[in-house]
Amino acid sequence: PSPQSNSSCKIMAMTTLLIHNAHTIATLNDAGDELSNASIYVRNNCIEAIGPAHALPSTADRVINAEHHVVIPGMVNTHHHMSQSLTRAIPGVQNAELFSWLRGLYPIWAGLQPDMIHASTQTAMAELLLSGCTTSSDHLYIYPNGVKLDDCIHAAREIGMRFVATRGSMSVGQSKGGLPPDRVVEQEDAILKDTQRLITQFHDASHGAMTQVAVAPCSPFSVSQDLMRLSAEMARHYGVRLHTHLAENDHDIAYSLEKFNRTPTQYAEDLGWLGDDVWHAHCVKLDDEGISLFAATRTGIAHCPCSNMRLASGIAPIRKMIEAGVPVGLGVDGSASNDAAHMLNEARQAMLLARLRKSLETPQVSSDGRTVYGCDTAPMEMTARDALRLATRGGAEVLGRKDIGQLSVGYCADMALFDLRSLSFAGGAVHDAIGSLMLCASAPASYTIVNGRVVVSEGQLATLDLGRVIERHNQFAKQLALGH
């Protein structure tokens, strides 16, 4: 194809970056173009040109030789609880389902301090960046001991990740029929006041924004209906997005039916929590009515396959959702319910789990009349390229971003490069460089570029001393556990 160029990128010419002669580029553009021996030219934070290497400039302020690399759009993580990286593999809840898992961890999280939030955010973001993820949301919903969402935002700015900070909250404790202990909930007027402060102080709605804020009461079992309703009104007044957990497992469904006499989708609809400015995490147990309503209103879903497996929540009907027209992205979820934040692996797990669901839930009748499961001639529930799309364009759509998620002229220069010479790709990349991202072992990124800035270079974090980040994080993890 001919190289594309864009005059709208003529912001002050300060720095240029050339991804030169890439083995393969998966653009994820509308046409699904996959380019060989191609280059990407970046000026400041914007993709200025993309096309055959011979047709683009051969020099820039920085040139990355991508001859042996596959290049993809930076992946987009739509759901996380970064502070939970402090309580990975914690004894006592390793085999628990959602509600008992939460009950075991709430008392530990009550000891969180501002420095712990800062350290855990950078640890989680480092892991994401090293896996090729360039944009992440975070759902911080517990604010003890002076903790503020500001702690996450400052950490993100230091490490260089594009960030959607969601102001979570819990206001209904055990004494009022909620799940969390009373000592970790907040007063609703204080929640709304702080949410307003964060939006006015930090939210950026412009093209290429590095920091955005969303409104995110935690869940139906930890906040009141009044807070849900008022939060939706505030979000729409300021033009920001809404986020919460919904229909995560059977206990979640039972709670909604018992407390509200409504399914989770009906509950969300009653309170103004459906719309193209809303995304819900999990939705494992979303019924057919819910899928139809989500599709009709363009309400998004953050699919978290690893966490859903870890907590035995079930297998979300992702293919059915996508075919119905529901926007779906991927989320690694909290590091204590996934114990990892490797975005490429999350996409691989989404693909594998969708295939497992098809095998388990699609009976076929053989020629001799026997019922069998699975069918060699049936199309796969999810292909490798489907999974990559969920991790990139799908996530961008769920977060309401029209400037990330694909490698096209005018889009932000967010991308990840993977070295096809590494062991992970041996015997796979020679057949299909893009497919091998999902079908072979999940590799680390060689380069991760956020907003035109190289934040991972030759497999190493370039913005912070990762050894120091990990050391500090581990000290806090021990302190938090011992303080419980």
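A residue counts as buried when its relative accessible area is under 20%. Keep in mind that this is a predicted model.

**Helix α8**
- In helix α8 (residues 288-297), the buried residues are Gly290, Ile291, Leu293, Phe294 and Ala295.
- Those buried residues of α8 pack against β11 (242-246), α7 (264-270), β12 (278-282), β13 (300-303) and α10 (318-324).

**Arg298 and its partner**
- Arg298 forms a salt bridge with Glu397, their closest N and O atoms sitting 2.4 Å apart.
- This pair ties together distant parts of the chain, 99 residues apart: Arg298 is in the loop between α8 and β13, while Glu397 belongs to helix α12 (residues 384-398).
- Glu397 is partly exposed at 37% relative accessibility, and Arg298 is partly exposed at 36%.

**Other salt bridges**
- The whole structure has 21 salt bridges.
- Asp403 and Arg401 form one of them, with 3.0 Å between the closest N and O atoms, and both residues are buried.
- Asp150, Arg167, Glu186, Asp194 and Arg197 join up in a salt-bridge network.

**Helices α4 and α5**
- Helix α4 (residues 188-202) and helix α5 (residues 225-238) pack at about 20 degrees, with axes 11 Å apart.
- Angles under 35 degrees count as roughly parallel, so α4 and α5 are roughly parallel to each other.
- Their contact includes Ile191 and Leu192 of α4 and Leu227 and Leu230 of α5.
- The contact residues split into seven nonpolar, four polar and two charged.

Notes:
Residues are numbered from 1 along each chain as its sequence is written. This is a predicted model: local features need pLDDT of at least 70, side-chain atom pairs count only at pLDDT 80 or more; totals for chains, interfaces and linings use all residues. Side-chain values use heavy atoms; hydrogens and water are left out. Axes are lines fitted to C-alpha atoms, for helices over the stretch in contact, and angles run from 0 to 180 degrees between N-to-C directions. Helices (H or I, at least four residues) and strands (E, at least two) are DSSP runs, numbered from the N terminus. Angles under 35 degrees count as roughly parallel, over 145 as roughly antiparallel, 65 to 115 as roughly perpendicular and the rest as oblique. Contact means heavy atoms within 4.5 Å. Ala, Val, Leu, Ile, Met, Phe, Trp, Tyr, Cys and Pro count as nonpolar, Asp, Glu, Lys and Arg as charged, and the others, Gly among them, as polar. Buried means under 20% relative accessible area, exposed over 50%, partly exposed in between (1.4 Å probe, protein chains only). A salt bridge is a side-chain nitrogen of Lys or Arg within 4 Å of a carboxyl oxygen of Asp or Glu.
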